[in-house]
Amino acid sequence: MDTAAGGSASALPPPSGSTGTGAEAKEDGERGGKPVMVVLMGPSGSGKSTFAEAVLDGSATGRPWVRVCQDTIGKDKAGTKMQCLKAVADALKEGKSVFVDRCNLEREQRADFVKLGGTLHTDVHALALELPAKVCISRAVSRTGHEGNLQGRTAALVVNRMLQKKETPLLTEGFNRIMFCNDDTDVKKAIELYSALGPLDSLPSGVFGQKRQGPIQVGIMKFLKKADASSVEKSNGPKLTLSERKLGQENPLPKQEKVESGSCSMEAKTELNDNIENEEGAKESGSYDIGYRTLAFPSISTADFQFDLDREPLTLYIVDTQLLIACRRDITQLRSKGSLQCNVIANAANWRLKPGGGGVNAAIFNAAGEALQHATKECADTLRPGNSVVVPVPLTSPLREQEAVTHVIHVLGPNMNPMRPDYLKNDYTKGCKILREAYNSLFENFASVVQSYMGKQNDQPVAVKSASGDSKMKREGGHESERMKKHKLIQPILTKQQHECTGSNAPNYRGNSVGSSDAPNQATKADNKKSGVVASKSWGTWAQSLYELAMHPDKYKNSDSILEVSDEFVVLKDLYPKAKKHVLVISRTNGLDSLADVKKEHLPLLRKMHSAGVKWAQKFLEEDMSLEFRLGYHSVPSMRQLHLHIVSQDFDSASLKNKKHWNSFTTSFFRDSVDIIEEIEQHGAANTNSDDKVLAMELRCHRCKSAHPNIPKLKSHIANCKSSFPSHLLEKNRLVSSTEHMDCT
Ligand code: AMP
């Protein structure tokens with residue numbers, strides 16, 4: 001063990017008589033046996049230390065090897081680059097060959113070592129461990145007792161960060177030889193090569209094992225430059241579809257434009273990357289202020305999910321030069337660092353929609369701060385593979401403030417990682433199907449976000465806050481595309497994303513919540529214009545289901561959820577019932593979005609809705625006499641179109657999940673229908689000035705008013721609480737039960 005170097009030396013001692021002077025190294029050189037410095041390159045988990053140790057252990061040629069490791073150089077603790085340089089210099093001067101065991105992914109990081117090698121007239125080799133990111137991540141995450149203490153969840157994040165900064169080694173940096181190891185076989189061969197390297201041997205100069213430029217990237221680059229869109233479309237099918245054939249296998253480009261396999265030198269590769277960068281730069285300066293129609297998305301389901309994109313030929317074809325720019329950027333800093341304005345970004349999320357893990361998910365949640373976590377929780381608790389969910393980014397999120405990202409679309413792809421749920425056990429047929437669904441869902445959701453913006457812009461000027469903080473007014477004219485039209489009507493009784501989004505049924509209360517401000521009501525502009533009604537508020541796309549249903553109940557006539565349809569209202573089972581029985585009586589009057597719109601002229605309608613509610617409560621009482629019902633409106637609803645809740649007071653439901661849910665049905669936020677009718681009769685309008693703070697109030701039993709620390713405890717209490725209701729609820733027929741009779745005349 002060579003302690004000075006902080007690592008192991010080979011079993012064999014250095015040449016006899018070594019005093020560690022430069023002169024001796026020179027002498028070796030003159031004898032033809034020159035020490036070599038091998039600069040290992042690779043992120044954590046790529047196997048640098050294992051590689052060096054394997055050579056140190058396996059070499060029996062008499063060449064003395066030393067591993068200089070920054071993680072241990074400070075007396076078995078992490079040290080500095082300077083310490084490493086000194087140890088390397090010392091070892092080389094002693095005639096020992098050295099593995100420089102640090103990441104060395106950036107040119108600047110390795111430059112000093114290359115320079116040192118030059119000064120000491122040593123051969124300097126680069127050994128780039130270019131194993132797939134997912135391999136490095138899973139190794140780094142799962143290892144224990146790592147010298148540098150980089151393991152577990154942090155490791156994934158660190159590996160991704162490292163890889164983002166990776167710069168391919170070039171001979172022009174000063175290396176005599178560069179060797180790329182792309183997989184375990186390459187690594188094994190390289191270990192054998194260095195292990196067999198005798199004291200007098202040297203390895204040929206040049207670049208070895210470099211993988212040619214990935215087919216997708218090359219394809220896209222060529223595509224952006226020259227491809228004839230029509231011929232491509234012809235050969236590849238419709239836009240925005242995933243093909244199961246690989247671009248590299250059936251490249252639509254003319255043959256001479258393909259990059260020759262194996263002939264793509266490092267320099268050519270760099271040039272290629274530069275070209276892409278330049279091209280992006282040119283585009284950036286011009287057209288990227290259309291960020292609200294721009295989606296940035298990472299490759300879905302790779303790293304953490306161990307879905308081997310190389311194994312199955314699944315490729316995303318791009319069929320329009322305007323449609324996609326391929327680039328390697330930090331998705332959380334597209335605007336500030338990349339000059340790209342992408343207001344919508346996709347996240348390769350995990351099933352629990354939680355921050356952490358590795359890769360892009362951790363990066364996005366980190367960059368967006370807690371606000372995104374809350375907003376996500378408001379929209380969905382979990383995500384199934386093949387699905388996506390749109391989360392409006394709150395104004396308070398740094399991602400919104402600094403990068404102008406308005407929506408994050410969480411997407412979950414297939415999972416080939418046995419440690420995670422929905423493990424597909426290497427079933428790539430199923431995996432490809434799910435991956436396709438995931439992309440489809442992502443693009444559909446993106447289309448619906450775009451649609452929201454387009455409608456917003458068509459209808460009214462919208463203040464778009466730029467990252468620099470100034471506001472500008474934008475107006476977008478023109479027509480919606482066919483695709484937009486197709487997605488124009490939100491599909492109740494549910495689109496996939498809406499199911500997810502409202503599925504957790506977190507009330508998205510305007511004013512105190514996440515999404516309401518961004519996406520306006522699109523689906524209904526035409527209807528509104530026809531009837532001369534212009535909606536005064538904006539409603540998120542997710543908030544349109546009840547409206548759609550009320551306007552077009554015939555479309556859903558076969559649905560079990562619709563209990564009754566009349567000219568004035570629709571009675572619908574609440575999709576996320578907060579109690580054993582929970583239905584909605586939805587007004588069919590266009591323009592009557594919420595209580596705030598109700599006037600005296602609507603009194604007959606309110607009475608009819610109330611009577612219908614009572615009728616249905618009584619029907620339910622016939623089935624279960626123990627139930628008790630309240631009928632009322634949320635003072636600030638989350639869903640568009642005036643709707644009356646008829647909710648049984650057991651609150652025995654898995655859909656009742658959080659404080660907001662509870663408080664929205666048990667505090668002054670819930671306005672009893674009888675009181676609303678009375679207020680309108682007397683004042684011509686309903687009081688909707690409920691204080692949003694009530695939704696954040698402590699959890700109290702709606703009967704005995706005892707306080708409870710959390711929802712499970714509250715639920716177990718209310719399941720047994722036999723106290724009578726507060727006196728005000730026993731008045732004015734506010735409760736419907738088998739013992740009370742309620743009517744409204
Ligand atoms: P509010 O907060 O008063 O707007 O309540 C909206 C209600 O609509 C909630 O109780 C939701 O559970 C329910 N809901 C949301 N989406 C749907 C849907 N597509 N079909 C039926 N009910 C829904």
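**View 1. Helices α11 and α12 pack at an angle of about 110°, with their axes 5 Å apart.** In this predicted model, helix α11 spans residues 359–368 and helix α12 spans residues 370–379; helices (H or I, at least four residues) and strands (E, at least two) are DSSP runs, numbered from the N terminus. Axes are lines fitted to C-alpha atoms, for helices over the stretch in contact, and angles run from 0 to 180 degrees between N-to-C directions. Angles under 35 degrees count as roughly parallel, over 145 as roughly antiparallel, 65 to 115 as roughly perpendicular and the rest as oblique, and α11 and α12 are therefore roughly perpendicular to each other. I364, F365 and A368 of α11 meet E370, A371, L372, Q373 and T376 of α12, where contact means heavy atoms within 4.5 Å. By class, this contact of α11 with α12 has five nonpolar, two polar and one charged residues (Ala, Val, Leu, Ile, Met, Phe, Trp, Tyr, Cys and Pro count as nonpolar, Asp, Glu, Lys and Arg as charged, and the others, Gly among them, as polar).

Residues are numbered from 1 along each chain as its sequence is written, and side-chain values use heavy atoms, with hydrogens and water left out. In this predicted model, local features need pLDDT of at least 70 and side-chain atom pairs count only at pLDDT 80 or more, whereas totals for chains, interfaces and linings use all residues.

**View 2. Helix α11 is largely enclosed by the rest of the structure, because seven of its 10 residues are buried.** The buried residues of α11 are G359, V360, N361, A362, I364, F365 and A368, with buried meaning under 20% relative accessible area, exposed over 50%, and partly exposed in between (1.4 Å probe, protein chains only). Just after α11, G369 takes a positive phi of about 70°.

**View 3. Helix α2 (residues 48–58) and helix α7 (residues 184–195) pack at an angle of about 40°, and their axes are 9 Å apart.** This angle makes α2 oblique to α7. The crossing of α2 and α7 is right-handed; a crossing is left-handed if the near helix is turned anticlockwise from the far one by less than a right angle, and right-handed if clockwise. From α2, the contact involves F51, A54, V55 and G58, and from α7 it involves V187, A190, I191, Y194 and S195. By class, the contact of α2 with α7 has seven nonpolar, two polar and no charged residues.

**View 4. T122 is found in the loop between α4 (107–119) and β4 (123–129).** At 8% relative accessibility, T122 counts as buried. Not counting residues up to four places away in sequence, T122 touches P35, V36, M37, L92, G117 and N176.

**View 5. L714 lies in helix α22 (residues 711–720).** L714 has a relative accessibility of 1% and so counts as buried. With residues up to four places away in sequence left out, L714 touches W662, L699, R700, C701 and H708. Although L714 and W662 are 52 residues apart in sequence, their C-alpha atoms are 9.7 Å apart in space.

**View 6. The mean pLDDT of the protein chain is 73, and 67% of its residues reach 70 or more.** Here pLDDT is the predictor's confidence in each residue, from 0 to 100. Over residues 1–32 the pLDDT stays under 50, and the model has 60 contacts beyond four places in sequence for them. The pLDDT is also below 50 over residues 213–290, a stretch with 129 contacts in the model beyond near neighbours in sequence.
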